[in-house]
Amino acid sequence: MTSKNYKLLEVKLQKIADINYATALLHWDKETYMPKKAAALRSQQLSTLSELGHSLFTEKSTGILLNKLEKENLNETLEANVKRTKEDYDKMIKLPGSFVAESSMLSSKAFHAWIEARKKNDFKIFEDPLDKLISHKRKEADLLGFSDHPYDALLDLYEPGLTVSTLNRLFKNVREQLVPFVAELRSKKQIDTNFLFLKYPSDKQWNFGIDILKNIGYDFDAGRQDISEHPFTINFGSTDVRVTTRIDEYDFSNMTWSCIHEGGHALYEQGLPIDQYGLPCGSAASLSIHESQSRLWENMVGRGKNFWKFHYPKLQKIFPKNLSNISLDHFYKAINHIEPNYIRTEADELHYHFHVMIRYEIEKSIMEGLIKTSDLRDYWNARYKEYLNVDVPSDLEGILQDIHWSHGSFGYFPTYSLGSFYAAQFYEKAKADITNLEKQIESGNSSELLHWLRNNIHAHGRKYLPNELCKQVTGSELSLDPFMDYVKLKYSEIAI
Ligand code: CO
């Protein structure tokens, strides 16, 4: 049953979505085709539009409408839309306008200092603006409120319901199980991966990427792919979901798996119900659930042997000089080769979680006030030595590598690891539910898997909180076990 008040809310939220998606389209343009001279005005246009969306949403009338709607008798979807909107609204109005303006001023300064610090390869340049931003973040945690740990208030902004106590438990497991497992794999003979770094002409890579996207079910009538410096997925409703990629002619892996990764994000967005446009039930459940979709396609499917049983013969035909002498088995082992490195975005699917764990431990200590900003670099380098046994060669390849802190994004990183663990848990359930799933993938057909994801995950949007969704789909809460089972089985066949 829909009511007059509900209709008012729907119209308002959809209007805000129109503004937000127009803002997103300007962002997409900025990252792809915008001419250089447009930069200054573009920043102004973006900030005007996002302020407009924000102020429409935080109007008093929104709160009054939500309070009325909470007392009405609505169906499950409508009720979820009201509930999620009320949660967002309550969070947003806790931060006074002056505080939000200060946030944007501080992060803008920090961002410019980060760019400058990267140019000079010197963390010291970033240190002071970062320190101010950190104090501001601690104030933000106080304003938002928390019961156990100040970091909980920030985690909740990216992943509703996520807490330090959950993450402590999870990362303790990661340390206890993944550290010895990785050490054991590294003690074995390592495969030759040199052929992945021969010349792979960019036009051929591009065409291969498009083919893969089509093969996994990405709808080019509701999206497109372009080139950008950092690959990303962006959407303006589920009927226009765009992906970008980058191509390095001397690193075949770079384009291929970022293409499948972004493709996974895009399949999720294309699968959100269009009749819920602009409403919580038409939006992604959370950052972790989003990342679970990209990781599932990238790793469980796209780094699986069965996927390449179908695609590798085609790939050999496209690049005969590089690949005709490389067997499928060799190729499969090489694309799953693990090696510690100090750059997060270049990490393999096992070491990746050590990178996230380091950032998690640092952010948690920062929020507790345990580390001085001036000690962060030493702390960072020591953790890399401890967890990955690598000496960080420079700030650029160390503490300055990620953009997140310069944007004031504290609490974001853990969602990357959660995404992988959710992916393994979802994939385990999909394999149990779909007869011969691996056989289907071996014959180049992943449509039943996509259908399963659409029904079980995409169709719900934000109706459920991430942990509720996980329970509903898999029957249990998030656990590291399915991920460990998946990597143990996979690498027992790969390790020589
Ligand atoms: Co992603």
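Reader: What relative accessibility does E176 have, and how does E176 count on that basis?

Author: The model is predicted, so local features are taken only at pLDDT of at least 70 and side-chain atom pairs only at pLDDT 80 or more, whereas totals for chains, interfaces and linings use all residues. Residues are numbered from 1 along each chain as its sequence is written, and side-chain values use heavy atoms, with hydrogens and water left out.

E176 counts as partly exposed because its relative accessibility is 47%. The classes are buried (under 20% relative accessible area), exposed (over 50%) and partly exposed (in between), computed with a 1.4 Å probe on protein chains only. The side chain of E176 meets that of K172 in a salt bridge, with 3.2 Å from N to O. A salt bridge here is a side-chain nitrogen of Lys or Arg within 4 Å of a carboxyl oxygen of Asp or Glu, and by this rule the count comes to 32. Side chains of opposite charge can pair when their charged atoms come close. Both E176 and K172 belong to helix α8 (residues 164–186); because they are 4 residues apart, about one helical turn separates them. Helices are DSSP runs of H or I with at least four residues, strands are runs of E with at least two, and both are numbered from the N terminus. K172, at 46% relative accessibility, counts as partly exposed.

R175 pairs with E361, the closest N and O atoms being 2.7 Å apart. Since R175 lies in helix α8 and E361 in helix α15 (residues 352–368), this pair ties together parts that are 186 residues apart in sequence. R175 is partly exposed, at 30% relative accessible area, whereas E361 is buried, at 13%.

In helix α5 (residues 97–120), E116 and K119 are 3 residues apart, about one turn of the helix, and their side chains meet in a salt bridge of 4.0 Å, N to O. E116 counts as partly exposed, at 30% relative accessibility, and K119 as exposed, at 65%. Together with K120, these two residues are linked in a network of salt bridges.

Buried polar residues come next. S417, in helix α17 (residues 414–433), is buried, with a relative accessible area of 0%. Its side chain makes a polar contact of 2.8 Å with the side chain of H353. A polar contact is a pair of N or O atoms within 3.5 Å; within protein, one must be able to donate a hydrogen and the other to accept it, and residues adjacent in sequence count only if both atoms are side-chain atoms. Leaving aside neighbours within four places in sequence, S417 is in contact (heavy atoms within 4.5 Å) with F171, H353 and V356.

The protein donors of the cobalt ion are H261 (NE2), H265 (NE2) and E291 (OE), at 2.2 to 2.3 Å. Donors are N, O and S atoms within 2.8 Å of the metal (3.2 Å for Na, K and Ca), and sites may look incomplete because water is not among the atoms. In sequence the donor residues are spaced H-x3-H-x25-E. H261 and H265 are 4 residues apart in helix α10 and therefore separated by about one helical turn. H261 is buried, at 11% relative accessibility, and so is H265, at 10%. Q270 lies in helix α10 as well and is buried, at 13%. The side chain of Q270 reaches the backbone oxygen of D219 at 2.9 Å. Beyond residues up to four places away in sequence, Q270 touches several others, among them G217, Y218 and R454.

Finally, there is an open sheet of 3 strands in the order β1-β3-β2, with mixed pairing. Strands pair if DSSP finds at least two bridges between them. The edge strands, β1 (225–227) and β2 (233–235), each pair on one side only. Strand β1 runs parallel to β3 (residues 241–245), and 3 bridges join them.
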